[in-house]
Amino acid sequence: MTDFYEIIEKARKTGKIDKGTNEVTKAIELGVAKVVFYAADVSPKEIVAHLSVLCKEKGIPCIEVDSKQKLGVAAGIAVGTASVAVIDAGSVNKEIAQLKSK
């Protein structure tokens, strides 16, 4: 089982990530997101509902994780975040390539 939070953390340290639904949405629309993660415990759900649709259109893997708090920690911020996009994979290129092939 791949640890998605670990992938985000490594990408943050060695590459580039965008945090927050507005930034993530822009990254998807611009086609620069390599993979998108969004939290299952976001309320209301509408905040992140469009992400998987946009990702599907652009062929970007979109993965639901269980906790916005853990997502925030992985993204290096003290608060929870609804979504994170990996822009530059850095040292996790291989892991992200595996996500794309699923």
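Residues are numbered from 1 along each chain as its sequence is written, and side-chain values use heavy atoms, with hydrogens and water left out. Since the model is predicted, local features need pLDDT of at least 70 and side-chain atom pairs count only at pLDDT 80 or more, while totals for chains, interfaces and linings use all residues.

The elements named below are DSSP runs numbered from the N terminus, where helices are runs of H or I of at least four residues and strands are runs of E of at least two. Axes are lines fitted to C-alpha atoms, for helices over the stretch in contact, and angles run from 0 to 180 degrees between N-to-C directions. Under this description, helix α2 (residues 21–29) and helix α3 have axes that come within 10 Å and cross at roughly 15°. The two helices, α2 and α3, are therefore roughly parallel, given that angles under 35 degrees count as roughly parallel, over 145 as roughly antiparallel, 65 to 115 as roughly perpendicular and the rest as oblique. The crossing of α2 and α3 is left-handed, a term used if the near helix is turned anticlockwise from the far one by less than a right angle, whereas clockwise gives right-handed. On the α2 side the contact (heavy atoms within 4.5 Å) is made by T21, V24, T25, I28 and E29, and on the α3 side by I47, V48, H50, L51, L54, C55 and K58. These residues of the contact of α2 with α3 divide into seven nonpolar, three polar and two charged, where Ala, Val, Leu, Ile, Met, Phe, Trp, Tyr, Cys and Pro count as nonpolar, Asp, Glu, Lys and Arg as charged, and the others, Gly among them, as polar.

Not counting residues up to four places away in sequence, I8 touches I17, F37, L71, A74, A75 and V84. Although I8 and A74 are 66 residues apart along the chain, their C-alpha atoms are separated by 5.9 Å.

In helix α4 lies G72, which counts as buried at 0% relative accessibility. With neighbours within four places in sequence left aside, G72 is in contact with I77, V79, G80 and T81.

The loop between β3 (62–65) and α4 (68–74) contains S67, a residue that is buried, with a relative accessible area of 11%. A polar atom of the S67 side chain lies 2.9 Å from the backbone nitrogen of K70. Apart from neighbours within four places in sequence, S67 is in contact with Y5, A39 and D41.

Finally, S43 and P44 are joined by a cis peptide bond with omega of about -5°, and P44 is placed in the loop between β2 (35–39) and α3 (46–58).

Technical notes:
Buried means under 20% relative accessible area, exposed over 50%, partly exposed in between (1.4 Å probe, protein chains only). A polar contact is a pair of N or O atoms within 3.5 Å; within protein, one must be able to donate a hydrogen and the other to accept it, and residues adjacent in sequence count only if both atoms are side-chain atoms.
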